[in-house]
Amino acid sequence: MSLEERVREVQARLTRACEAAGRAPAAVELLPVSKRQPEALIREALALGFTRFGENYVQEGATKAQALPQAAFILIGPLQSNKAKVALETFTELQSVDRLELARRLDRLAGELEVVRPTWIQVDLWGEATKLGGCPEGQLPELIAFLDRSPRLPLQGLMAIPPPGDAKPFGELAALRDRWRQRLGRDLRLSMGMSGDLEAAVAAGSDQIRIGTAFFGER
Ligand SMILES: *Cc1c(COP(=O)(O)O)cnc(C)c1O
């Protein structure tokens with residue numbers, strides 16, 4: 001299957017999922033995840049009109065960002081503190097901020113670099129942080145409070161990689177998002193759903209699905 005065919009198939013899945021959920025298809029962003037995919041395929045996706053791409057690894061993202069200045073790369077993988085500066089220089093948006101110490105460092109460095117980077121908090125409600133990263137619910141209030149006051153790292157919403165299986169985690173994330181929306185009195189977006197489970201994520205209220213395999217093919 002060509003990239004174009006796969007993309008059309010993913011878009012059709014997304015449209016059907018939105019219709020089934022009574023949501024407008026334009027309400028959910030399809031973010032292609034280009035980790036471990038060659039630049040040539042990203043160029044093809046650019047030609048199809050996609051401009052934003054999720055990447056997991058800082059160094060790989062930096063190499064691609066240099067080769068493809070017309071693309072915007074978004075960090076969706078774990079971030080070590082010592083790579084914070086390169087991450088700010090490389091990515092237009094950070095989705096995997098999951099601890100206060102990292103947020104403080106990013107905030108200070110973003111000030112030095114004079115950049116603004118829309119930021120999401122990766123949350124972990126299921127005790128998988130050791131494997132995948134993510135802020136446990138108990139540490140969320142202080143992290144949200146900090147980012148909510150940081151003009152350099154404007155808080156966009158919550159991102160998660162829930163355990164595969166049933167749709168229950170998506171509902172838990174949607175409820176968490178709703179609670180914080182109310183508490184902050186403003187919108188927060190929700191990034192959840194991947195190739196295998198985008199339908200359940202959209203049904204639960206996801207605003208952004210991150211699609212690797214179904215978009216670019218096997219890695
Ligand atoms: C790899 C990855 C994806 C995409 O996964 P697929 O199953 O290939 O669609 C989405 N989000 C994160 C955080 C990832 O690491």
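Strands are DSSP runs of E with at least two residues, numbered from the N terminus. The model is predicted. In it, strand 5 (residues 119-124) gives the most to the lining of the largest cavity, namely three residues.

**Cavity**
- The structure holds one cavity of 30 Å³ or more.
- The volume of the largest cavity is about 40 Å³.
- Its lining is made up of Gln 122, Val 123, Asp 124, Trp 126, Glu 128, Leu 132, Gly 133 and Ile 161.
- Sorted by class, this lining has four nonpolar, two polar and two charged residues.

**Asp 98**
- Asp 98 sits in the loop between strand 4 (93-97) and helix 5 (100-113).
- Asp 98 counts as buried because its relative accessibility is 12%, and buried means under 20%.
- The side chains of Asp 98 and Arg 99 are joined by a polar contact of 2.9 Å.
- A polar atom of the Asp 98 side chain also lies 2.9 Å from the backbone nitrogen of Gly 134.
- Leaving aside residues up to four places away in sequence, Asp 98 touches Gln 122, Gly 133, Gly 134, Cys 135 and Leu 143.

- In soluble globular proteins, nonpolar side chains tend to be buried together.
- The largest nonpolar core here has 61 residues, and those with the most contacts inside it are Phe 53, Leu 106, Ile 121, Leu 147 and Phe 215.
- Apart from this core lies another, of six residues, among them Val 33, Ile 74, Ile 76 and Met 159.
- Beyond four places away in sequence, the residues that Phe 53 touches include Leu 31, Ile 42, Phe 73, Ile 74 and Phe 216.

Terms used. Residues are numbered from 1 along each chain as its sequence is written. This is a predicted model: local features need pLDDT of at least 70, side-chain atom pairs count only at pLDDT 80 or more; totals for chains, interfaces and linings use all residues. Side-chain values use heavy atoms; hydrogens and water are left out. A nonpolar core is a set of buried Ala, Val, Leu, Ile, Met, Phe, Trp, Tyr and Cys residues joined through side-chain atoms within 4.5 Å. Buried means under 20% relative accessible area, exposed over 50%, partly exposed in between (1.4 Å probe, protein chains only). Contact means heavy atoms within 4.5 Å. On a 1 Å grid over the protein atoms alone, a cavity is a set of points where a 1.4 Å probe fits but cannot get out, and a pocket is an open set with protein on both sides within 12 Å along at least five of seven lines; lining residues have an atom within 4 Å of a point. Grid points are joined across faces, edges and corners, and a volume is the space filled by probe spheres set on the points. Helices (H or I, at least four residues) and strands (E, at least two) are DSSP runs, numbered from the N terminus. Ala, Val, Leu, Ile, Met, Phe, Trp, Tyr, Cys and Pro count as nonpolar, Asp, Glu, Lys and Arg as charged, and the others, Gly among them, as polar. A polar contact is a pair of N or O atoms within 3.5 Å; within protein, one must be able to donate a hydrogen and the other to accept it, and residues adjacent in sequence count only if both atoms are side-chain atoms.
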